[in-house]
Protein chains: 4
Amino acid sequence: MELEHANRAISAAIVQARQMDIRISVAVCDDGGHPVAFARMDGAGWAASYGAVGKATASAATGSPSGRIPPDLHVMQRINELAGDRMIFSQGAVPIVVNGKRVGAIGAGGGTAEQDEACAAAGAAAIMDPPGT
Amino acid sequence: MELEHANRAISAAIVQARQMDIRISVAVCDDGGHPVAFARMDGAGWAASYGAVGKATASAATGSPSGRIPPDLHVMQRINELAGDRMIFSQGAVPIVVNGKRVGAIGAGGGTAEQDEACAAAGAAAIMDPPGT
Amino acid sequence: MELEHANRAISAAIVQARQMDIRISVAVCDDGGHPVAFARMDGAGWAASYGAVGKATASAATGSPSGRIPPDLHVMQRINELAGDRMIFSQGAVPIVVNGKRVGAIGAGGGTAEQDEACAAAGAAAIMDPPGT
Amino acid sequence: MELEHANRAISAAIVQARQMDIRISVAVCDDGGHPVAFARMDGAGWAASYGAVGKATASAATGSPSGRIPPDLHVMQRINELAGDRMIFSQGAVPIVVNGKRVGAIGAGGGTAEQDEACAAAGAAAIMDPPGT
C-alpha cells in the first residue's frame, strides 16, 4: 500500500461523505493491518476515529468487508485478542485490491454502518482495479 | 469548557435534583472526554459517581445524549475499549453546546435514568445557547 | 465528607495554585476513596486530572500523604489492583481530618510534586481541625 | 485542530524526513489526544506507526515535547494507564500552538529519536505561530 494511493483513497472517501452531508474519519491500513494513512474531517466526533481504524484492521485481517460476519466469528475474536486487540468486526471497511493483489483495507466511521461502508467503498474504488479488468 | 461554566452547570443540575428530592452525582467533561468538574451531593451513594462520569464521557464521545442507544452499540463498545474504557452508554448525560460549538458533556447518576437525564439537561441548559438563538 | 467541605477545600487549593502561578486539577474523595468533588482550572492539562484523582484515592486508602512511600509498597500495589486499580502512589495528596475523624483525602496534579502537595495541603487546611485543637 | 492544518503539518514533516533521507510515520492528534491525521511514508517500517501515534498522544497529554522526561515519570505512566494506555514518553513529538492556543501535537517515528523530533518540529512549525508573533 503506497502512501500516495492511501491518500487518494481517503480523499475519495471524504468526497463521498461530503455528498452524503456527513462527517467521518477514514483509515487506510496495509495488508498486515498496520496504519498507512488516516484523516478525521472537521466536525467529526473523535470516537469514530477509533472505529474507522478498527474496522480497517478487521477488513485487512479477513480480506473481506468488515461487515460480513465471518462464520467463525468467535475464532476471529480470539485471533483479534492474540493479534493485539485492534479489530472491530462491523460494517464500514472494505479490502483494497490493486493490480490483482490485496494491498490493505480502508475503513470509515462517523455515519451509519451503511454510510460508512459506502464511503470506504468509494475510497477503495478510487485506486482499485476497475471492475472487469 | 471553562471551569466557571462547568461549575454553573453542576449547580443547576443539583438545584434540579433537589426539586425532584433525589441525591445525585454530576460530572462535566470537555469535548475530548476528559474531566473538568464533578460534585456528589450529600447522601448520594458513591457508586453512582462512576456512573455520572462514565455517562458524561460517552456523551462527549458521541455528541449525543448517552441514553440514545447508537444503532451500532457494539461498535461503540469496542471503540470504548480502544479509547480507554471509561464510557457508559446509558441515559443520564447530554452534550453541552456553547456559542454554537460543542464543548463537552454533563452526566448525572443516582436517580432513575429519566431523572438523571433531566438533571443533566437542566445543568446543560444553564450554560448553553438559549433555544432559537 | 460533605460536598460543601469538599468544595471549600478545592477552592482553597486553587487559591494556592494561583499564588504559585500554576494551573492544577484538584480532587477530593471520601474515606472510601470514592469521588466527592473535582475541578480542573482553565489552562491545566487534562492528563493531570487523572493524577489528582489517583493520588487522592491513594491517600484515602492509606490514610497518609500519597507521597509517603509505604514500607510495603508492593503490597499496596497489589491491594490497588484488587481494589480497582485507581490509586497513584506519588506526592500530591493528603488525608483530610475533620473533628478528629478521617473523612477522606484531597489530591492535586499539574504542578511539580512539591507544588501539588502544597496545594492539596492548603485545601485540606481550609476545612481541617486547626493544629493544636 | 483542523484537518487542513494537520495535513499541512504532516507534509512538512515528510519534507524534512526526505531531506534527512529517512522514512518515517507522522501522526497529528487534537488537544484531547485523539487522532486527526496520520501518514506513513513508503518504505517506513510499520512498527514505528504506533510510535508516532503514541508520542503525539503523550505530547498532547503533557503539553510538552514527548522527549522531555517529566520529573514524575512514574506518575505519568500511571496516568497513561488510567487514561487509556495510548501514550509513549519518548523523544519525537511536540505540541502544536495556533493563534496562541494549544490545539494538539505532532509525533514522528522511524528515525532516531533526534531525527523524529526534528521532523515533528518541522511539521509543527509549518502551522504554528511564527516565533516572536
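Author: Chain D can be laid on chain A by a turn of 179° and a shift of 0.1 Å along the axis, with an RMSD of 0.2 Å, where the superposition is by least squares on the C-alpha atoms of residues with pLDDT of at least 70 in both copies. The two copies are therefore related as by a two-fold rotation axis. The contact surface is shared as well, since 100% of the contact residues of chain D recur in chain A, contact meaning heavy atoms within 4.5 Å. Of the residues of chain D, D:F38 has the C-alpha that comes closest to the axis, at 2.4 Å.

Reader: On what conventions do these values rest?

Author: This is a predicted model, in which local features need pLDDT of at least 70 and side-chain atom pairs count only at pLDDT 80 or more, while totals for chains, interfaces and linings use all residues. Residues are numbered from 1 along each chain as its sequence is written, chains are lettered from A and ligands numbered from 1 in the order in which they are written, and side-chain values use heavy atoms, with hydrogens and water left out.

Reader: How much area is buried between chain D and chain A, and which residues of chain D supply it?

Author: Buried area is the accessible area (1.4 Å probe) that two parts lose on being put together, summed over both, and for this pair it is about 1,500 Å², with 55% from carbon and sulfur atoms. D:F38, D:R40 and D:Y50 supply 33% of what chain D buries against chain A, more than any other three residues. In terms of contact, 19 residues of chain D meet 19 residues of chain A.

Reader: Which elements of chain D supply the side that touches chain A?

Author: Helix 1 (3-19), strand 2 (35-40) and helix 2 of chain D each supply at least two residues, helices (H or I, at least four residues) and strands (E, at least two) being DSSP runs numbered from the N terminus. Strand 2 gives the most, with six residues. By class, this side of chain D has eleven nonpolar, three polar and five charged residues, where Ala, Val, Leu, Ile, Met, Phe, Trp, Tyr, Cys and Pro count as nonpolar, Asp, Glu, Lys and Arg as charged, and the others, Gly among them, as polar.

Reader: What makes D:R78 and C:D85 a salt bridge?

Author: Their closest N and O atoms are 3.1 Å apart, and the pair is therefore counted under the cut-off already given.

Reader: Why is C:S90 called buried?

Author: Buried means under 20% relative accessible area, exposed over 50%, and partly exposed in between (1.4 Å probe, protein chains only). C:S90 has 8%, and so it is buried. C:S90 is found in the loop between helix 3 (73-82) and strand 3 (93-98) of chain C, and beyond its neighbours within four places in sequence it is in contact with C:K55, C:S66, C:G67, D:H74 and D:V75.

Reader: Why does C:R86 count as partly exposed?

Author: C:R86 lies in the loop between helix 3 and strand 3 of chain C, and its relative accessibility is 25%, so it falls in the intermediate class. Leaving aside neighbours within four places in sequence, the contacts of C:R86 include B:Y50, C:H34, D:R78 and D:L82.

Reader: What makes the pairing of C:R86 with B:Y50 a polar contact?

Author: A polar contact is a pair of N or O atoms within 3.5 Å; within protein, one must be able to donate a hydrogen and the other to accept it, and residues adjacent in sequence count only if both atoms are side-chain atoms. The side chains of C:R86 and B:Y50 make such a contact at 2.9 Å.

Methods
Salt bridge = Lys/Arg side-chain N within 4 Å of Asp/Glu carboxyl O.
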